[in-house]
Amino acid sequence: MAKVKIQVNGREVEVDEGLNLIEAARIAGVEVPHFCYHPGLGVDGNCRQCLVEIDGIPKLQIACNSFVKDGLAFRTDTERVTRMQAGVLEFLFLNHPLDCPICDQSGECLLQDYYISNGKYESRLDTDKRHKRKAVPVGPRVMLDAERCVLCSRCVRFCDKVTGTGEMRIVNRGNRAEITTYPDRPLENDYSLCTVDVCPVGALTSKDFRFRKRVWHLQSAKSLCTGCSRGCNVYMEHEGGKVYRYRPRENMHVNDFWMCDPGRLTYTPLNDERLDVAIVTGEERTLPESIEQVGTWINIAVASGQSDSVAVLVSPQSSTETLYAAKRFAKDILGGARIGGGNVRPAGVQDEILRRADANPNSKGLEMLGLSADPAAVLSAGGTVLLVIDDDPLGMNPDLAGAFGKFEHVVYLGSNENATSAKAEIALPITPHSECDGTFVNFEGRVQRFWKALTPRGDSLWSPTIMGRIAEFTGQEFGWKSVRDLWADLQKTEDAFAAIDYASLGEVGAAAGSGQPASASAE
Amino acid sequence: MEIKRLTKNFGNPESWTLAAYEKTGGYQMVKKAFAMDPEAIIELVKQSGLRGRGGAGFPTGMKWGFVPKQSDKPKYLCVNADESEPGTFKDRYLLEHDPHALVEGIIISCWAVGIRYAYIYIRGEFGLPYYRIEAAVKEAYEKGYLGSNLNGKGFDLDVTVHRGAGAYICGEETGLIESLEGKKGQPRLKPPFPAVVGVFGCPTVVNNVETIQSIPWIIEHGAEEYRKAGTEKSPGTKLFSVSGHVKRPGVYEIPLGLPCKTLVHDLCGGIIDGKRQKANIVGGSSVPILTGEEADNVDLDYESLAAAGTMLGSGGMIVMDEDTCMVWALAVLLKFYAHESCGQCTPCREGTGWIRNLVYRLEAGDGKREDLDKLLSITGNMMGTTICVLADAAAMPTESFIKKFRAEFEAHVGAGRCPIRGKSAHFLAHAH
Ligand SMILES: Cc1cc2nc3c(=O)[nH]c(=O)nc-3n(C[C@H](O)[C@H](O)[C@H](O)COP(=O)(O)O)c2cc1C
Ligand code: SF4
Ligand code: SF4
Ligand code: SF4
Ligand code: FES
């Protein structure tokens, strides 16, 4: 797209031709207050908050529906703009309830933000406020407070344009206008919680998150959803060692601005039923002594020339790093022992928007590392030690119990207590993707990073570290202190990853194999 | 003083029937137009200087010129018969008395602009006008004036009468289009303009009934003759619907530029009981009010009214005598605008309700002195900031009422009641 030179508040910047003035101002580091415009939902022009002064046009114009061309100059800092923007804001507050102390949006509410940055006038609202419906469950996951609604129509446009389900409507006119759903047609599409994200105020709130945490207490880390092989980019928001919610993080190559509801609620295992200490035959043990026990078994097998009696069952749920460490463990330490993916999650729902039937976040990574997804070959002959890494194969497929029983020792490396950890003779705690850096490869072959959000719970350790410690008992070591170290090896030894440099993955990831830059693989 | 061009058939026996219309030369101008080059008709309309009679006064020939000549989509005409502006009832008369003249105007206009389909969007509350225009369209089809191959050279035209559901905002041209498409009637963000993206995404002309009904006359008599009535910049005649405290309210077709005084005091017989004219809203409820004295010194044309700080609008004149309470009158107007705001733009949705409530309070005698400046400041924040001009249409009268009749508003505050009507809770009881 052609670049043009424009002036924002007198400062020259170069931007893409055709951009609207809200986006153009953003590039210049200037925030134009706005409610109805959303980059994923387009222009509607109803809130009138984004008024700016464009050189040569006497009337103020809305920035969302004005577009840059070469030489255009506009200002957001004049007395007139400030006054008129404050006027619009005042109108929005006229019938807005004073709910901030009990409103979940408090702290991430555009009304509050703009009041602080622009308004802060003396209140002269002394007429009665209109009353509308409060605390209405408009769907299984979303609550509505119609009094707080600023009628920006973002939720309406989301359900019209993104999901095509059209549940939300504004009915009635004037200040009787009210956001609502149709009778007997609740807001229950698979993306309904995105309406909560786009809602600029506290009108739509998530039942899951409501009243659980003040948002200003939350910290945020860039992460990925592990609900399916799409790998939607998310913010993982947490406090006090606990994850409270996922919010979609913009990535135009993967999920635009959205994520599905089932995926959004997949954060709970990061908090609950965690395996955070080592368990040996049902009893808590220290991690070093537990590792020593496993290391001893492995060493015996290796030293006695029976390394092929050890098998490694991996999972497309695991990070690329875990899978690579397991592969190296099988190859270098065990001299090519049986390794393969076992616990493939059953296929889920696939749709035209984001959801993929493959419910595993890293099937592609497994495939790119040349690891089979068929547990039969790994388990068939039994042996001395079975290392099961991640997820819950026994929980998902109880029939595997027989095959597990053909091993003398079953060792589980995982992050949650489940059927597999219960069955294992030794269970070792490894960090889930909330507690370490790493990558998943999505169904399109896009390698995407997730960032460490929390300190590891209890005794949990990064799985490559635990595998390295076990390996030490055979007199070998991997020497990876960080994801970067591991990736240096990965890039050298795995052709499929040769073109990808971990350091250059950035926030939006990169397409694997092809060596293309990230932008070249958009759908 | 009156010049009867569009109203010439008013009063003829059964003037609304095809037979009566044809007797007075009806549909002859269609033949004349078909013999003309469409471009030449647009040029003629430009020459005539005809300006849109729906309120904005936009030059009609120029509007037609904005429609793309080549279009792979069909083009549409929407005749705006939603007439809902308080004080305005001229289109209703045209539809009741001379509906075939509208049909004839539609045929000629569509031929000129290359339009395939026309809609007549008529106000839902109109009963008789609806039956009359519906019957006229039916008769015109039966007689072969509408339908296919009208000129023997493949010109097809279909006309549909569409009844609105009773919303003022569906008179705004893009609100009309949304409503016609079956959606909630609310104005569209512009650009794009209807001439390019209109009804069903196709190029569309929206014109007022009176505008379209002027076309046959212009074809018959030519641009020069048309300009013989009116002023240089406001040529032609205009229908004024006069209501309020005049002796003979009604619809008057007058040459533009006629002194307002002549219309009020001569044609309409002056103020009832010989009282004083306190105020006059000359162009329909959306325009700034004039004092009686100002009204008596202004001419009724676009420029003179603009110079006097008001507008010609739709020509819906509301005359008020000396006993009218201006606070009451403003409360009546604001009740309307707050009710009719479509509610999508923040300043209009909230502003109309806010100023209405403040004026209700003042009317009841419960207002505060500072409410007056507050009102002026609120209206200042409403004007020029919205998708359509309904916000301005509520704000401008409010501003003018307060500026011109401030003492009356202050008297309400001072007395704690209306000095003319006494203590009242009429509006407050209806505040919602
Ligand atoms: C709130 C609002 C209401 C309107 N109502 C009408 C109406 O009832 N009839 C009409 O002809 N024009 C109405 N208009 C003007 C139309 O938008 C449009 O300008 C007009 O129909 C164009 O026709 P003209 O060029 O022939 O005047 C209204 C405009 C606004 C903003
Ligand atoms: S509920 Fe929220 S997103 Fe929907 S219209 Fe209201 S403020 Fe906008
Ligand atoms: S589509 Fe897949 S990756 Fe995206 S949010 Fe849903 S489950 Fe998570
Ligand atoms: S100005 Fe008022 S009536 Fe017009 S579009 Fe905006 S809210 Fe609707
Ligand atoms: S963001 Fe521009 S009008 Fe709402």
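The model is predicted: local features need pLDDT of at least 70, side-chain atom pairs count only at pLDDT 80 or more, and totals for chains, interfaces and linings use all residues. Residues are numbered from 1 along each chain as its sequence is written, chains are lettered from A and ligands numbered from 1 in the order in which they are written, and side-chain values use heavy atoms, with hydrogens and water left out.

**Chain A**

Chain A holds 15 helices and 23 strands. Both are DSSP runs numbered from the N terminus: helices are H or I with at least four residues, strands are E with at least two. The C-alpha trace spans about 90 × 50 × 35 Å along its principal axes. Chain A has 523 residues, and 58% of them count as buried. Buried means under 20% relative accessible area, exposed means over 50%, and partly exposed lies in between (1.4 Å probe, protein chains only).

Take the contacts in chain A with a separation of 6 or more: residues 24 or more positions apart account for 66% of them. A contact here means heavy atoms within 4.5 Å.

Chain A carries 58 positive and 70 negative charges, and their mean positions are 6 Å apart. Lys and Arg count as positive, Asp and Glu as negative; His and the chain ends are not counted. Each charge is placed at NZ of Lys, CZ of Arg, CG of Asp or CD of Glu.

**The interface**

The size of an interface is often given as the accessible area lost when the parts come together. Chain A and chain B bury about 2800 Å² between them, 52% of it on carbon and sulfur atoms. This buried area is the accessible area (1.4 Å probe) lost on putting the two parts together, summed over both. F91(A), R124(A) and R173(A) supply 28% of the area that chain A buries against chain B, more than any other three residues. The contact takes 32 residues from chain A and 39 residues from chain B.

Four salt bridges cross the interface of chain A and chain B. The rule asks for a side-chain nitrogen of Lys or Arg within 4 Å of a carboxyl oxygen of Asp or Glu. K368(B) and D126(A) form a salt bridge at 2.5 Å, N to O.

**Salt bridges within the chains**

Over all chains, the search finds 60 salt bridges.

| Pair | N to O distance |
|---|---|
| R345(A) and D391(A) | 3.3 Å |
| K143(B) and E22(B) | 3.0 Å |
| E142(B) and K138(B) | 3.6 Å |

R345(A) and D391(A) form a salt bridge. The pair links distant parts of the chain, 46 residues apart: R345(A) is in the loop between β17 (338-341) and α9 (363-368), and D391(A) is in the loop between β18 (383-389) and α11 (393-396). R345(A) is partly exposed at 29% relative accessibility, whereas D391(A) is buried at 17%.

K143(B) and E22(B) also form a salt bridge. K143(B) lies in the loop between α7 (128-142) and β3 (158-163) of chain B and E22(B) in helix α1 (residues 18-23), so the pair ties together parts 121 residues apart in sequence. K143(B) is partly exposed at 46% relative accessibility. E22(B) is partly exposed at 26%.

E142(B) and K138(B) both lie in helix α7 of chain B, four residues apart, about one turn of the helix. Both residues are exposed.

In chain A, a network of salt bridges links D99(A), K134(A), D145(A), E147(A) and R148(A).
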